[in-house]
Structures are given as structure tokens and as C-alpha cells.
Amino acid sequence: MCGNETAGAMSQPSKVDLRRHAKAAFLSLFVLIACSGWLGAQTQADTERTLSRLAWSTHSTGARRFISVHGRRAAIFGYSQGYSDDGLEVWAYPLQILSSFRVTFRQQGATTGIDSRTLLRRVIYSPEAVTRIYAGPDFMVREKLFVPLDEPGVIIRYEVQGARPVDIEIRFIPVLDLMWPASIGGQEVVWNSAASAYLLSELTHRFTASVGSPDIVAHDETPNSGQRVVSPGVAFTIRAGGDHNTARVIIAGSGPGQEASVLARKLLEEGDSLEKGAVDHYSNLLDRALQIETPDADTNRALAWSEIALDQAWVCNPDLGCGLVAGYGPSRRARRPQYDWFFAGDGMVAIRALLASGQYGRARQELEFILKYQDQKSGMIWHELSQSAGQLDWGKYPYMFVHVDVTFDFLNTVGNYFSATGDLDFVKAHWPSIQAAYEYCRALADPKDGLPRIPSEKQGPREQDALSDELALSASWVGTSQAFADLAAATGHSAAAQEASATSQQARRAIAQRYWDERQHFWITGYSRSGSPLIDRGIGPTRVLGPLFSPAQNDSLLDEFASSDFQADWGTRGRAASARTYDPNSYASGSVWATGTSGMAATFWAEHRPATALPIWSALVPWTSLDSVGHMHEALAGDYYHEELESVPEQTWSSAAFLTATVGGLLGIQVEGVSNRLIFAPHLPPNWNAITLQNLQVGDSEISVHMVQSANEIRLQMQNEGAPVEVVFDPEIPFGAKLRSAQLGKRSITATLEPHPQDTHAKVEFHLPHGSAFLTIGYTGGVAIIPEPPQLMIGEPSKAIKIRGINLKDRVYTVDFDYLPSAISSFELRTPWTIKDAQGVTFEAISPALYRFTVSAPSHEKEPGVYQHGKAIVTFARDGFD
């Protein structure tokens, strides 16, 4: 796009360029088409440039830098410099082929090798590969790790630049064993000169693997010795440099009807075309999925990589089929690469992101994968499947059908899928399974209050405590029964629809009565088996805010959730820091989860508290560069900025939840595929002047959107490539602004001012035909707050201001916040109104209509390092206010 060309892995579009592009977009339709290209599909060259821009280089190569390269049937991952004797590990599902993959460099003529970890200077992450760059005394080595999309193998390429050839010693530990908890025995490793590889096998001859290279110049023998006289594992040496500067390592597993040695030859012969196929795949992915371009380059990259992370979670297991795994992390010697399993619940979190990004086909595939293993007797949806489940009696292990909440989530997810896609064929085809799942959920409801109870041998959403019922499960039941009612009505099951709708209403009425504690003004998480209430001051299921509690109860909870008790600079703590059971380094008792943070941001946007929502959501953007570049950790610590000890470096639902919160919360997009209706209610940050969306799927229609906002106007350009769509455009405008006009094309159109306690919207409804439409909304006055973003650094505690709420009454604008007296706390206000007075803060004009406010710190801190509550009261002059 114009002003957005890049050169090199780390080049980024400047914010000035993006603003220039946004401004130019409205000069004329011709300029819009010719310069930005947003009205039509991107060319292949555009998409490849986009893919090139996503290559992410880092000079941070320490032990905390996880790398992972993914295919559908294989993967290679580990920490860039490893821990202890751990190195990279290679999997060809469901087998681990090897572990502790290490590299040593030896200059020709030298006797001492150089551990590659001491030379690693840079890592480049691309969607299809990872490249590690080593700087030696007088040579450079580029090591490219690549996994083909649909082959159970790995290709590692070494390119050497230097005056002399370099010998590269490859050492690894052969494994050839199934993913935990399955296992096989009798593994053998032999050197095969004809294949120039080590061949791994086991006594049943079901599985084989090959690790070798056509460029080997020396290798270990594999004698049957009773003494270990060399380092663990086996090794071979390849040579590159001089006239032959490239060498390759081929690692192959056995596929269905295909020996590992045969696949190894294929990988060797077709490596270039396989790599091109992977590049094309990710180019096509970004060309098909929802594209979001904002004025912030970091946000753009984080969102694109979230879609990539979703795609990289799609795994094909030869025994189980294809589905989404929950994430990737090191096996830690247990042959379980963290969440590289199938989890139905995690899959459903991912489905919501797939729907948000318009990837309806993949969402349906995941639903069908989940249905494939539904309990045919009870209708229950399964919890988790190891990738070795097809090699043992998985039903005897306590993992398959343990969580009752997954079945409730499944029905909600099917309801979301149908609402977004209008795919009635799917609902009809799977109606017996959908009905069986509903009957399972309904059987758990207590007839006294209509809320579900958890059987003693099962678990609810909360694994840490044995509870008889939970707020999260009961809230889910409200949505589950209504989703089933909608599905039943759509398929002509009117009696079932009426019953389920009545059930939902009964549960809705019972929620607040059972799960609200008047004394603490906080919700009750659940009840123990003995009937005792559990109030742990956790964030719980934020989706229940709004419809299930009273306005006063909602406000009480939101005010607390917005405080520094819950908010860290890097996200939302799962439990209040003031809670008796708070543990900032505990997996579930105070750490910061990306899913919880995303849900919290979306909730504040839904409740029209954008000043609080935006900093919470923005805190997630740096997560994509914290460890495995482009991906998000599962959880961070609650007190200092770093990863929580048990956290998985690539957690699928973290990326998924961030993407969902962006589309549904920040952008306020809701697609109603059944009625071909689009709701677009964006809460754009005041310092973003424009946003562009492409590939927005509404039914069979594909829509492009370009929106520009200024101090007194919003302009919206939409291009519809399909059938007509009904549009509800309901953007946030400056708080307290008054509508001036609204025009669709050359005619005036009705716009409705929607004032809320903490924001203001302007709503327009119109018919979008096939083709383009141009809408302008004019307004006057108003005020917008821009919190100062935190400067995150590993090992530092929270220091940034926390906006708890804002209010505008008459000419008085109030900001409630928590701040750290020892830190400089500030925010900006953008307003055309004249400021008469300010209390609790000092202010200065930065530019016309833009002011910076700095909190007036007390003369002494009550408690060093502890947040305090503050309030800014800004009074505007009467002149020009009305």
C-alpha cells in the first residue's frame, strides 16, 4: 500500500506514512484505488511484500528465546540457547524423532570446535521458517529451520560465508518414541552409508525415522558397546563454505505407507518447491483472512501474527485426524511438548477468533473434529486428546471426559458459528449430536433454581477446587440454552426452542441471587461440595457483566476490575492483588493471562468504558515479542513483567483471544450471517486517525472498509463485492460531542446520538448495495482521553496510571485513576473546549486542542511502591462549550 513499502526484515511503515495514506485515501476514488489498493484484492506481489514485512528479527538470543517451526505433520522447536543439555527437538506426529539437537562449528584445520550458542547473534522469525545467524571469528553461518506443510519431516539448511570451509558438527539424541503417555520400546539406531543417514527403527517396525545429510564428511559409528565413551547421542559432521557454501540436514519420519528413507529423498529433491509452497500458503492465508491496518505498526504485526498462530496450530495426526492444538512448548524430557495436544475447549476459543477473522471453513472443520470424538452415550464433549491417543486405550486415562463445562461451551460456540455464518446445513447435518449435547447439559440443571450442578466425579471450569457449582458454568448455561433455542428454531424444532428459551430465562433470573455477596459487593465464584461459598476475588467470567447482574452490581465490579488491584501494566491479574490467596507467580492464583486480559478489555468496551478498555488491550501487543516472536505466552507473573514459570511460550488461545477482542471489542464488529447484517461500532483510539479493513466476510459478501476520524468528522468508505448488506455503523465520537450532520453519498441520512455514562456514539443504519458507499458524520465539541502507555521492561513492576472511570456533567470532566506517587503519571486530553481550571493535576498545551495532564503527586508516599487513588477535575469554560 502507498507509503508502506519496506525493505529488509525489520523495516516498518512510519506512522507519518500511514497518516499520509489515510488522508490521501479520500482525495478521490481514483487515488483510493490506485494508491492504497484497498477497494480490490491485493496482488500477489502486495501479499508477498506483506509476508516479507512479517519477518521479525531479534538480537535477543538468550536462553529465554523460544523458537518453533510448524507444519501440519511435524515440528521443530526448543529454546534458542537451551537449558542444561536440552536443545531443539523434532516431532513427526505422534512421534518424537530426536531431542537435544546441537550444533558445533569448527574451522577447517582447527581441532577445537566452537559451541554455536556462543556465536548466535540474531534470530529471524518468518511464518514459514526460522533463521538463526551465527557470527564466527572469520565466518558467518545462516541456519534455516524449515518444516514442510504436509510432510512429516524437517529440512535444515546451512549457508556459510568465509574464507575457508567450516565443519558443522550435528549432535542429537535419537528418541523415536510416542508422545506421552504412550510409549514403545526396542529402539535401534544404525548408520546407513547408502542413505548417508542414521536410521531409527523399533522392533514392531511400525515406525521409522531418518536423520542425515548428503554433505556428511564424518560420522559416529553405532557399535553395540557396553560402555559409553562419547557424549550422549550420536553426531555427524557436514562441511560448507568456499566453493560449496550450502549444506543440508534432512530429518524424516515415516508416513502412511511411506518409509522414512523414501520421504528423506523426497525432502532432499523437492525442498525448494516445498518451501515455496509454504510461502505461498501463508501469502494466501493473509490474502483471505481479515486484514486490519491501523496507524500503529506494532499492532498491525501483532494482529497478522495472531492469524498466523491460529493457522500454525492446525495439526494433522495420522490416527486422529486434523484439528487445532492448544500450543507449543519444550517437552522438558517428558515427551509432552506442553499443549501440543488437542483440547476441545481451547479449540472453541480459537473458533471464535476464526469467526472474527472470517475463516469460516476452518471454524467448521474444527467443530467437526470436536464432534468426531463426542461421547455417543451421554452426548458429552471431550476435554483433551494426546496425539498418541490413537496408539492406546485413551478412555482408560482420566483426561477425555472430565470437564462438564466443555459441552456447554460447545453449544455456545455452535450458536456463534451459525449466527456468524448462517450455515444451516451444518446445524441440520449434526442436529442429533447438538441435541445430545444439550440434553447432557440440561440433565445437570437443578430443578430448584435451574442452574447446573457438577457431578462429584467431574470438574467444572475451575480445576483447582472441588466445587458443586460455579458462576462461570451457570453463566454459560444461560447462553447455552439460548443458543440451543436459536438453533432449534432455525431447524424447525419449535417445541424444543420454546423449552430451551424458557430454561435460559429461568437460569438468568437465578444468577444474581445465587452468586452475589452483598457484604463484599463482589460475585461468588462458586460453592464447595459442602455448600460453602467461595469468594476469591477473581475476575471470573467477565461475559456475565451486563445481562446477568444489576447495573449497580455491574458498576461495582467494573470499578474494581479497572483498579490497580487487578490491572498490571502488562494485563489483568486473574485475582486481586489484595486477595488473601493472591500469589503473583501462581499459575491460577494471581498471574496475568492473555485470555483474561482480552476478555476484560472486550467487557469494558461492551460496557462503554473505552478509556479503561484501551490500555488493557494495548498491554497485550508487546506479548508478541516477549519470547517466541509473533506468538503469545499463556501467562505472565502478576507482580513483575516476566513469564510465569509454568507458562507455555506459544499458547493458541492467547493469540486467538487477542484477535477476538480486537475485532469484537476495539472494532465492535458483529456479523449476522443469517440476515446478512453487519454491525460496525468501533472504539478507535483518539490518536488513530484511520483504519482499513479488507476481507470482512458477511454471508457471501466480502467487504472492504476505510474509516478516517478527525476532531469533528468521521468518514467511512465501504466496498461490497457481494450481495447487499444491511449495515449498522455506530462509532464512538468524542465524549460529550453533539451531532452536526450525517450524509450518505449526496443525501442526508438520519443519525442518532447515543450518550453513555463514559462515552458517546453516533449511530447510522443504511443499506449497502453491491458496489461502494461513502458516509460522513459531522459533530462538534467533546473530549477524548489518551492514557500514557507504559514502558515495559523485564523485571519491572507496574508504574503506569490506571484509568478507573471518567465522567462528564455540565462543564466538569472528571477522571478517576490509580497512580504510583513515585512515578510520573500523565494522560492527554484532546478537546476544542477551553479549559478553565484543573484540580488534582497540572496541564500544558501540546498543540492546538491537545493537552497533557500530569498528576500532582503528594509530598510523601503513604506506602512506597503502592498505588494510590486520585481524581482529576477539569472544568471547561462556558464559551464554546454548548
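User: How much space lies in the second largest pocket?

Analyst: In this predicted model, the second largest pocket holds about 1400 Å³ of space. Its lining has 50 residues, and the closest to the pocket centre are Asp296, Ser618, Pro622, Pro789 and Pro790.

User: Which elements give two or more residues to the lining of that pocket?

Analyst: They are the helices α1 (15-24), α5 (297-312) and α15 (610-618), together with the strands β29 (567-568), β46 (784-787), β47 (802-809) and β49 (826-830). The largest share, seven residues, comes from α15.

User: What makes up the lining of the second largest pocket by class?

Analyst: There are 27 nonpolar, eleven polar and twelve charged residues. Pro622, Pro789 and Pro790 count as nonpolar because proline belongs to that class.

User: Why is serine 474 called buried?

Analyst: Buried means under 20% relative accessible area. Serine 474 has 0% relative accessibility, so serine 474 counts as buried. This residue is found in helix α11 (residues 471-490).

User: What is serine 474 in contact with, leaving aside neighbours within four places in sequence?

Analyst: Serine 474 touches Leu451, Pro452, Ile511 and Tyr515. Contact here means heavy atoms within 4.5 Å.

User: How do you know that strands β36 and β37 pair?

Analyst: Pairing needs at least two bridges. Strand β36 (residues 690-698) and strand β37 (residues 701-709) have seven, so they pair, in the antiparallel sense. Alanine 690 stands opposite valine 708 in β37.

User: What makes β18 and β42 edge strands?

Analyst: The open sheet of seven strands has the order β18-β36-β37-β38-β45-β41-β42, with antiparallel pairing. Strands β18 (291-293) and β42 (747-748) each pair on one side only.

Terms used:
Residues numbered from 1 in each chain as written. Predicted model: local features only at pLDDT ≥ 70, side-chain atom pairs only at ≥ 80, totals over all residues. Heavy atoms only, no water. Helix = DSSP H or I, 4+ residues; strand = E, 2+ residues; numbered from the N terminus. Buried < 20%, exposed > 50% of the residue type's maximum accessible area, 1.4 Å probe, protein only. 1 Å grid on protein atoms, 1.4 Å probe; cavity = no way out; pocket = protein on both sides within 12 Å on 5 of 7 lines; lining within 4 Å. Points joined across faces, edges and corners; volume = space filled by probe spheres on them.
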